[in-house]
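Dear colleague,

I am handing over the structure we spoke about, which you will find just below. My notes on what was found in it follow after that.

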Amino acid sequence: VTVSLLSADGQEIALPVERWMHDATTGEQDLLAEVRGPALDIGCGPGRHLVALNCRGVAALGIDTSPAAVALACRRGATALWRSVFDPLPGEGRWRTVLLLDGNIGIGGDPVALLRRVRRLLAPAGTVLAEVEPGVPTERLTVRLQRDGSPGPRFPWARVGDQALERLAVEGGLSVDERWSVEGRCFASLTS
Ligand SMILES: C[S@@+](CC[C@H](N)C(=O)[O-])C[C@H]1O[C@@H](n2cnc3c(N)ncnc32)[C@H](O)[C@@H]1O
């Protein structure tokens, strides 16, 4: 199955669905080893981070707007809800770690609005672990999910490059604590 995001201006962004269906990678495991529970994985997909956290004894909940993704995550033994990050959520203001991995900082198409929402979900002194794209310009897009060449409905999305993170974090009421790169991917921890 080939899955990509197709933007209104003709860009095709390949999605690493293969990676999402497997176990967390070594780089992801290292990142997850730092996670303090309870943790909320926003846009959890089929739940590989949740499974890895559960194996470490860290309480974690996933949310995703795709019922198929939530069903897959639950089948893998994770706890996940079919819910948008912008819906009322359990434990608002009490999550010690919020995950925005795999480009999920682009959810909703407005990273500042998303980071403001995430800030309200965090416990005092809580941490956001986010992934950004190295060397990519930050842009708001309208995209369609394309599976094997057939496009689905349009939805807002954003790509966030590593250079814009500082500014977006500040506008979202957060600050960047640390940044690191592993397996060609770029991660950062943010706190309020
Ligand atoms: C880039 S994929 C992430 C894949 C996932 N992290 C994994 O490990 O498989 C983005 C995910 O965010 C979900 N999503 C999109 N909008 C959302 C929203 N408003 N709230 C929660 N999840 C959302 C999508 O359904 C999709 O599964």
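To begin with the ligand, one of its nitrogen atoms is 3.0 Å from a polar backbone atom of glycine 43; please keep in mind throughout that this is a predicted model. A nitrogen atom of the ligand also lies 3.1 Å from an N or O atom in the side chain of serine 84, and a polar side-chain atom of aspartate 102 is found 2.6 Å from a ligand nitrogen. Taken alone, the ligand exposes 600 Å², of which the protein buries 86%.

The space that the ligand takes is the largest pocket. Around the ligand there are 17 residues, of which Gly43, Pro46, Arg48, Asp64 and Asp102 come nearest, and by class this shell is made up of six nonpolar, seven polar and four charged residues.

Turning to the aromatic side chains, the structure holds two aromatic pairs. In one of them, phenylalanine 155 and tryptophan 157 have ring centres 6.2 Å apart and planes at 85°, and the pair is therefore edge-to-face, the cut-off for that class being over 60 degrees. Phenylalanine 155 counts as partly exposed at 29% relative accessibility, whereas tryptophan 157, at 17%, counts as buried.

In the other pair, the ring centres of tryptophan 180 and phenylalanine 187 are 6.1 Å apart with their planes at 25°, so this pair is stacked. Here tryptophan 180 is partly exposed, with a relative accessibility of 24%, while phenylalanine 187 is buried, with a relative accessible area of 3%.

With best regards

Technical notes: Residues are numbered from 1 along each chain as its sequence is written. This is a predicted model: local features need pLDDT of at least 70, side-chain atom pairs count only at pLDDT 80 or more; totals for chains, interfaces and linings use all residues. Side-chain values use heavy atoms; hydrogens and water are left out. A residue is near a molecule or strand if one of its heavy atoms lies within 4 Å of it. A polar contact is a pair of N or O atoms within 3.5 Å; within protein, one must be able to donate a hydrogen and the other to accept it, and residues adjacent in sequence count only if both atoms are side-chain atoms. Accessible areas come from the Shrake-Rupley method with a 1.4 Å probe; for residues, only the protein chains shown count as cover. On a 1 Å grid over the protein atoms alone, a cavity is a set of points where a 1.4 Å probe fits but cannot get out, and a pocket is an open set with protein on both sides within 12 Å along at least five of seven lines; lining residues have an atom within 4 Å of a point. A molecule sits in a cavity or pocket if more than half of its atoms lie within 2 Å of its grid points. Ala, Val, Leu, Ile, Met, Phe, Trp, Tyr, Cys and Pro count as nonpolar, Asp, Glu, Lys and Arg as charged, and the others, Gly among them, as polar. Rings of Phe, Tyr and Trp (its six-membered ring) pair if their centres lie within 6.5 Å; planes under 30 degrees apart count as stacked, over 60 as edge-to-face and the rest as tilted. Buried means under 20% relative accessible area, exposed over 50%, partly exposed in between (1.4 Å probe, protein chains only).
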